[in-house]
Amino acid sequence: MPTVAPLDLETHCVAAAWLNDIPFFALADGVIHRLDNGHKWCEGHDGLLCAAPAFDRKSLITGGEDGKVMAVGADGSAVELGEIGRKWVTSIAAGPQGAVAFASGRSAHVRFSDGRMREFQHPRSVEGIAFAPKGMRLAVARYNGATLHFAATEGKPTELEWGGAHTGITFSPDGKFLVTTMQENALHGWKLADGKHMRMAGYPAKVKSFSWSVKGRWLATSGAPAAIVWPFQAKDGPMGKAPLELGTRGDTMVTQVCCHPTEDVVAIGYGDGMVLAVRFGDAKEVLLRRSGKSAVTAMCWDDEGRRLAFGCENGECGVIDISA
């Protein structure tokens with residue numbers, strides 16, 4: 001049976017991550033907690049809005065209501081990477097070669113490892129950002145579509161149009177597809193080689209969490225009473241194919257998904273705090289955590305896939321060891 005080591009904190013958990021085999025929990029009050037031979041923490045922001053592991057997974061990149069972008073190391077040290085005054089940093093992405101991108105208002109900023117900064121302005125607010133898996137291509141989710149920039153070189157951006165508000169964005173691990181979450185209950189995607197559209201609709205709620213499987217063959221998503229998992233094995237992605245529906249429950253919604261780093265398995269977090277692990281091949285379920293007091297808002301596997309760090313809306317956090 002999996003064992004749970006709980007860590008009861010005081011406010012909404014925005015992100016969970018593993019740095020140097022140490023679990024980190026970034027909370028909305030701006031404090032970053034870690035379980036490193038005991039419970040330790042550091043002050044990151046006056047109000048934290050977003051966080052993501054660095055590309056090399058040696059630090060946690062965070063953005064906040066104080067207009068700052070920070071890098072928190074595995075030892076808890078916090079270094080300021082950038083500051084944009086009294087503006088909120090609403091989205092963050094970590095890229096190769098030490099690059100970091102962050103969004104505020106209508107601008108996307110890229111900070112390179114040498115400290116150089118570039119700003120990309122847009123007609124409407126930047127809602128989500130993501131780096132391509134290879135190279136320095138940056139994708140921006142915006143109203144009525146997405147924009148692709150070459151972050152390190154001059155050049156005209158590529159505009160991908162689709163009506164509606166696009167709120168989050170992700171590249172497939174092979175770089176062939178770009179997928180956005182939308183304000184309506186749907187995903188939209190583009191096959192980048194030819195611009196072909198992919199429409200993934202039918203959700204009862206907004207999709208707020210997505211995760212690619214280890215080889216990019218599947219995209220797991222929240223937004224329903226089950227994890228909706230789209231197949232991306234074919235050259236046109238999920239078009240014309242039905243998704244898997246894993247971990248279906250009748251009484252609560254899936255709020256977080258996190259695919260296993262080595263197996264075709266997804267961890268599913270629910271609105272009541274329960275966590276299941278479900279295998280894609282046969283839909284076999286394993287209960288990782290019983291229902292808690294509030295929704296799961298963050299999850300992250302360690303590199304070996306033996307432990308899952310999780311955080312909830314009310315500050316209930318912890319580590320689930322599935323090898324126990």
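Analyst: We take the ground rules, then a sheet, a hairpin and a pocket. This is a predicted model: local features need pLDDT of at least 70, side-chain atom pairs count only at pLDDT 80 or more, and totals for chains, interfaces and linings use all residues. Numbering starts from 1 along each chain as its sequence is written, and side-chain values use heavy atoms, without hydrogens or water.

User: In what order do the four strands of the open sheet lie?

Analyst: Strands of a sheet pair through backbone hydrogen bonds, either parallel or antiparallel. Strands here are DSSP runs of E, at least two residues, numbered from the N terminus. Two strands pair if DSSP finds at least two bridges between them. The order is S6-S7-S8-S9, with antiparallel pairing. Strand S6 (48–53) and strand S9 (78–83) are the edges, each pairing on one side only.

User: Which residue in S8 is the bridge partner of Leu 60?

Analyst: Val 72. Strands S7 (residues 59–64) and S8 (residues 68–73) share five bridges.

User: How many residues lie between S26 and S27 in their hairpin?

Analyst: Five, and Ala 283 takes a positive phi near 60° there. Four bridges join the antiparallel strands S26 (residues 275–279) and S27 (residues 285–289). Val 275 is bridged to Arg 289.

User: Which residues are closest to the centre of the second largest pocket?

Analyst: Rolling a probe the size of a water molecule over the atoms shows where empty space is left. A pocket is an open set of points on a 1 Å grid over the protein atoms alone, where a 1.4 Å probe fits, with protein on both sides within 12 Å along at least five of seven lines; lining residues have an atom within 4 Å of a point. Of 15 lining residues, Ala 54, Ser 59, Ile 61, Gly 98 and Val 100 are closest to the centre.
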